[in-house]
Structure formats: structure tokens, C-alpha cells
Amino acid sequence: MRGGFSADDARQVVQWLNPLGVDLIELSGGSYEAPAMHGQTRDGRTLAGEAYFLEFARDIAGVASMPIMVTGEVSAAIR
């Protein structure tokens with residue numbers, strides 16, 4: 001989302017959360033105006049696969065000490 005967190009920002013937040021005993025981080029996104037959670041991009045293209053944020057979650061998992069979970073049509077744990 002324009003003006004939102006970058007991937008670098010998200011990695012930094014996860015690093016801040018690591019020592020706090022967070023149970024897990026769930027990655028999700030989209031809104032009813034731009035429904036990524038329904039598999040649609042703003043321009044109508046279908047997103048690849050059902051676990052929409054899986055690649056981003058793999059990136060975040062590289063700095064996370066807690067499990068990372070993604071949402072979509074299915075939920076999947078990556079660690």
C-alpha cells in the first residue's frame with residue numbers, strides 16, 4: 001500500500017518484537033477497496049496461489065525468532 005511499511009520497515013519491527021516474547025506474527029493485507037485477501041489485485045489480476053504473502057513471510061522469517069503465519073484462502077505456518 002502506498003505510504004505503508006516497506007519490507008525493510010517490517011523486518012525492523014519484527015526485530016524489535018523478537019525479545020518481547022511475541023507468540024507469532026500473522027501477515028495479511030488488503031482492504032475491501034483493494035481486496036488482496038480475496039485474491040484480486042486492484043487491476044483485477046489474480047494473485048499467484050492461495051497463500052498471498054508466502055514470499056514476504058519467508059523474507060520476514062529470516063529475522064524472526066517467532067513463527068510467521070500468512071493468510072489467504074488458507075493459513076500456513078512457515079516455521
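**Ground rules.** I'm working from a predicted model, where local features need pLDDT of at least 70, side-chain atom pairs count only at pLDDT 80 or more, and totals for chains, interfaces and linings use all residues. I number residues from 1 along each chain as its sequence is written, and my side-chain values use heavy atoms, with hydrogens and water left out.

**Salt bridges.** How many salt bridges does the structure hold? I found three, taking a salt bridge as a side-chain nitrogen of Lys or Arg within 4 Å of a carboxyl oxygen of Asp or Glu.

I started with Asp8 and Arg11, whose side chains meet at 2.0 Å, N to O. Both sit in helix H1 (residues 7-17), three residues apart, so about one helical turn separates them. Helices here are DSSP runs of H or I with at least four residues, numbered from the N terminus. I looked up Asp8's accessibility too: Asp8 is exposed, at 52% relative accessible area. My cut-offs are under 20% for buried, over 50% for exposed and partly exposed in between, with a 1.4 Å probe and protein chains only.

Next I noted that Arg11 also has a salt bridge with Asp59, the closest N and O atoms being 2.3 Å apart. Asp59 lies in helix H2 (residues 54-61) and Arg11 in H1, so this pair ties together parts that are 48 residues apart in sequence. Asp59 is partly exposed, at 33%. I wrote down Asp8, Arg11 and Asp59 as a linked network of salt bridges.

Then I checked Glu55 and Arg58, which form a salt bridge at 2.7 Å, N to O. They are three residues apart in H2, about one helical turn. Glu55 is exposed at 57%, whereas Arg58 is partly exposed at 45%.

**Helix packing.** At what angle do the axes of H1 and H2 cross? I read roughly 45°, with the axes coming within 10 Å. Axes are lines fitted to C-alpha atoms, for helices over the stretch in contact, and angles run from 0 to 180 degrees between N-to-C directions. That makes H1 oblique to H2; under 35 degrees would be roughly parallel, over 145 roughly antiparallel, 65 to 115 roughly perpendicular, and the rest is oblique.

Which residues make the contact? I listed Ala7, Ala10, Arg11 and Val14 from H1, and Phe56, Asp59 and Ile60 from H2, with contact meaning heavy atoms within 4.5 Å.

How values were computed:
Helix = DSSP H or I, 4+ residues; strand = E, 2+ residues; numbered from the N terminus.
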